[in-house]
Amino acid sequence: MRAVCVLAGGALALTACTSNTETNTPEVAKVDVAKVEAIAAKLYADIKSSGKLVVGVNIPYAPNEFKDPNSGKIVGFDVDLMNAVAAVLGLTADYKESDFEKIIPAVETGTYNLGMSSFTDNKEREQTADFVTYFNAGSQWAAQIGKPVNPDDACGKKVAVQRTTVQDTDEIPDRSAKCVAAGKPEITKVAYDEQSAAATALVNGQVDAMSADSPVTAYAIKQNKDKIEAAGAIFDSAPYGWPVKKGSALGPVLQEALQSLIDSGQCKKIAENWGVQEGVITKSVINGAQS
């Protein structure tokens, strides 16, 4: 049996058990953003006086949110975008690490002002929180190079996912049920607490494929381009959203701050810096779930 590898997070974690030598977070340019007084004035008093947005985040989920292995700081596309939104509001973002499934309940109780962990905005989640949409992503599979896997015919395969993601709770169970209904073997879902562990399992051949959000899979492939490749096309595109307390006045303020970054082109520039510009949206909405 292959020994278990302890994963440190982010880009390093994707390569910690492999021969890949790309272990450093890539140099990513920063986008200067100024405070917009007219938008910042709409913040309610307690957040304005605190000078910060308390943001619940689960890591690693590179390139969206993960730790720089050198500095230990939380970095990524989501982080740079949230920092820019905070700057528009004259605030700083204060990131608090959390288990993924605990973030929305903590937003509900007021422990965090909002969540930021590549949350897919769906109807079920909208029952407990409002979501400010900021990006559009689909699901994307990857497989080992030379060992292709068809997501639409993966019966009997082992597929890695991150626990509590839509790939874990919805996609793979649905695909597996169809296999069983057709008299074929089920898909063996292998769920990991961290996305980096799912990618490492694929790189090391412990699973046949992995399924994750499209920017995450693209980044894993980039980090392990001699080991894994895309399997099938991107599917089930849906918006990412930042969860805020249901009915909170913070949602519209975040939406307006983000829209100012979209309109100025700064949002796209931040996305380009991380290579995820395909998912940039033109209009942020509150509760934009499609299903």
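This is a predicted model: local features need pLDDT of at least 70, side-chain atom pairs count only at pLDDT 80 or more; totals for chains, interfaces and linings use all residues.
Numbering starts from 1 along each chain as its sequence is written, and side-chain values rest on heavy atoms, with hydrogens and water left out.

Strand β10 (residues 228-245) runs antiparallel to β6 and is joined to it by 13 bridges, with Phe 135 opposite Tyr 240 of β10. Pairing requires at least two DSSP bridges between two strands. Strand β9 (residues 209-213) also pairs with β6 in the antiparallel sense, over 5 bridges, and there Ser 139 faces Asp 213.

Turning to the cores, the largest nonpolar core holds 62 residues, and Leu 53, Leu 89 and Trp 242 touch the most other members. Helix α4 (residues 77-88) gives the most to this core, namely 8 residues. Such a core is a set of buried Ala, Val, Leu, Ile, Met, Phe, Trp, Tyr and Cys residues joined through side-chain atoms within 4.5 Å. Beyond its neighbours within four places in sequence, Trp 242 has contacts (heavy atoms within 4.5 Å) that include Leu 81, Met 82 and Val 85, as well as Asp 130, Phe 131 and Val 132. Another core, of 13 residues, lies apart from the largest one and has Trp 141, Cys 155, Cys 179 and Ile 187 among its members.

The structure holds 1 disulfide, a term for a pair of cysteine sulfur atoms within 2.5 Å. Cys 155 and Cys 179 form this link, with their sulfur atoms 2.1 Å apart. The torsion about their S-S bond is about -85°, so the disulfide is left-handed. Cys 155 sits in the loop between β6 and β7 (158-162) and Cys 179 in helix α7 (residues 166-181), so the pair ties together parts that are 24 residues apart in sequence. Both cysteines are buried.

Finally, helix α9 (residues 214-223) has 8 of its 10 residues buried, so it is largely enclosed by the rest of the structure. Among these buried residues are Pro 215, Val 216, Tyr 219 and Ile 221.

Terms used:
Helices (H or I, at least four residues) and strands (E, at least two) are DSSP runs, numbered from the N terminus. Buried means under 20% relative accessible area, exposed over 50%, partly exposed in between (1.4 Å probe, protein chains only).
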